[in-house]
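Please examine the sequence and the model shown here.

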Amino acid sequence: MDRIDFRSDTVGWPTPEMREAMATARVGDDVYGEDPTVNELEALAAERLGKEAGLFVTSGTQGNLVAVLGHARRGDEAILGYESHIFQWEVGGMASIGGILPHTIPTDAMGRMDLAAVEAAVREDDDHYGHSTLLLVENTFGGRGGIPLPADYFAALKEVAGRNSLAVHLDGARLFNAAVALGVEARELVADVDTVTFCLSKGLCAPVGSILCGPADFIKEARRTRKSLGGGMRQAGILAAAGLVALTSMIDRLAVDHENARRLADKLGTIDGVNVPKETVRTNIVFFRVEGGISPQDLCSRLDEEYAIGLDTYPPDYLRAVTHFWVGEKEVGALADAVAEIMKTA
Ligand SMILES: *Cc1c(COP(=O)(O)O)cnc(C)c1O
C-alpha cells in the first residue's frame, strides 16, 4: 500500500494471490445462478458456519438489511444494542427501507446486552404495540473496540429469544476475528443464531463482499430481496474468487493482526497523555484517548499531514486504530513513534 493506514481494516487492498485468482476466475451470470465461483463461495461459507445456505451480498450493510427484511415486517420491532453497528452506522435502513422500528437497549463495556433488559424490551401482545420479532446481535462488537463474545452469551440470548418467539440475526462482520481470538471454530459462535452476515472485505482482505448464511428457505427469499435492493450481480465470480482466497487462506493469520494490536496498545500505553483501555484490546481494534490540549481530530490531522499515517476518531472522544494485513510490526512502531512525538509538543 502507498501509505500507512490504520483507519480501518476495510482500507487494505486485495492480496497478490487474490488478484491472480480474480484474473483467472470462472464466471457466469449469477442472477441466473450460473456463476460457478459464486456458487462455490456460498457453499463453502455455509459449510464453514454450519448453516444450510449462503448468499453473496455486496456489503455487510446489505447483508444485514436483507436479513432484517427477511425476519421482520413493517411495523415490527427489532431489539438491538444502542452501540451496535446496525443501529449506528447503517443509515437507518431497517426503518427507512423496511419500516421496522429499532428498539435499542444499552450494551455494557464488553458489548453485551443484559438478558433481563432484552426480555423487558419484548412487547406484550397488545394492539398498541408493534410485534417484537427480531433480536440483532454483533460479534466482534465493534463499538466497544472489537470485543469477541463467546458462544455461551449467544446460547443465553437464544433462550430468551426462543421464549419470546424472536428470530436472531448476527452481524458477524468480524466473526472470524472473534473465532481466532477465542480459539474456537466460527461455527460454534453461530450455532445459536438463525442467520449471520460476515465480511470478506475487512481483515480477510477481499476487495468487495459479504456473505449472509442461514436456512435454505430463508436464503432463497433473501436472494429475491437482494435483487430488489439492487444487489443482483452478474459475473460476480470475479469478486467471489477473492472471497474464496479470503476464506481458505486469510483466517488463521488474523492472529497476527491481533498480536499487532496488542503491541500497539502496549506502545501507546507508555506515552504520557495517552490512555488505552487495554482490557478492550482483544482483536484487531485499539481505542485510545488523548489528554491535555490536543483533540482527537487534531491528532488525526497531524498524523496525516506530518507523518502520512491514517487514523480515525470514534465517538464520543476516542481515536481508533485498526490493524490488518497491510500494517505490520514496522507500521505499528511508526504510528506509536509519531503519536509520541506529537504528544511531546501537545
Ligand atoms: C463493517 C461492518 C459492517 C458493514 O459492513 P460494510 O461492508 O462496510 O457495509 C457491519 N457491521 C459491523 C460490526 C461492521 O464492522
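**Pocket, cavities and backbone**

The largest pocket has a volume of about 490 Å³. The coordinates are those of a predicted model, in which local features need pLDDT of at least 70 and side-chain atom pairs count only at pLDDT 80 or more, while totals for chains, interfaces and linings use all residues. Residues are numbered from 1 along each chain as its sequence is written, and side-chain values use heavy atoms, with hydrogens and water left out.

Rolling a probe the size of a water molecule over the atoms shows where empty space is left. Here the search runs on a 1 Å grid over the protein atoms alone: a cavity is a set of points where a 1.4 Å probe fits but cannot get out, and a pocket is an open set with protein on both sides within 12 Å along at least five of seven lines. Lining residues have an atom within 4 Å of a point. Grid points are joined across faces, edges and corners, and a volume is the space filled by probe spheres set on the points.

The largest pocket is lined by 34 residues, and Ser8, Thr10, His85, Arg174 and Lys202 lie nearest its centre. By class, this lining comprises 10 nonpolar, 16 polar and eight charged residues, where Ala, Val, Leu, Ile, Met, Phe, Trp, Tyr, Cys and Pro count as nonpolar, Asp, Glu, Lys and Arg as charged, and the others, Gly among them, as polar. Helix 3 and strand 12 (312-314) each supply at least two residues of the lining; helices (H or I, at least four residues) and strands (E, at least two) are DSSP runs, numbered from the N terminus.

An N or O atom in the side chain of lysine 202 is 2.5 Å from a ligand oxygen, a polar side-chain atom of threonine 61 lies 2.6 Å from one, and a backbone N or O atom of glycine 60 lies 2.8 Å from one. The protein buries 84% of the 380 Å² that the ligand exposes when taken alone, as computed by the Shrake-Rupley method with a 1.4 Å probe.

How many cavities of 30 Å³ or more are there? The count is two. The largest cavity holds about 80 Å³ of space, and of its 13 lining residues Met113, Leu136, Val137, Glu138 and Phe141 are the closest to its centre. Strand 5 (residues 132-138) contributes the most to this lining, with three residues. Seven of the lining residues are nonpolar, four polar and two charged.

The second largest cavity has a volume of about 40 Å³.

Most residues other than glycine have a negative phi, and most peptide bonds are trans. The peptide bond from asparagine 139 to threonine 140, however, is cis, with omega near -5°, and threonine 140 is placed in the loop between strand 5 and helix 7 (151-163). Another cis peptide bond joins proline 315 and proline 316, with omega about 0°; proline 316 lies in the loop between strand 12 and strand 13 (318-322). Valine 91 has a positive phi, near 60°, and lies in the loop between helix 4 (85-88) and helix 5 (93-96).

Technical notes:
Polar contact = N/O pair within 3.5 Å; in protein donor to acceptor, adjacent residues only side chain to side chain.
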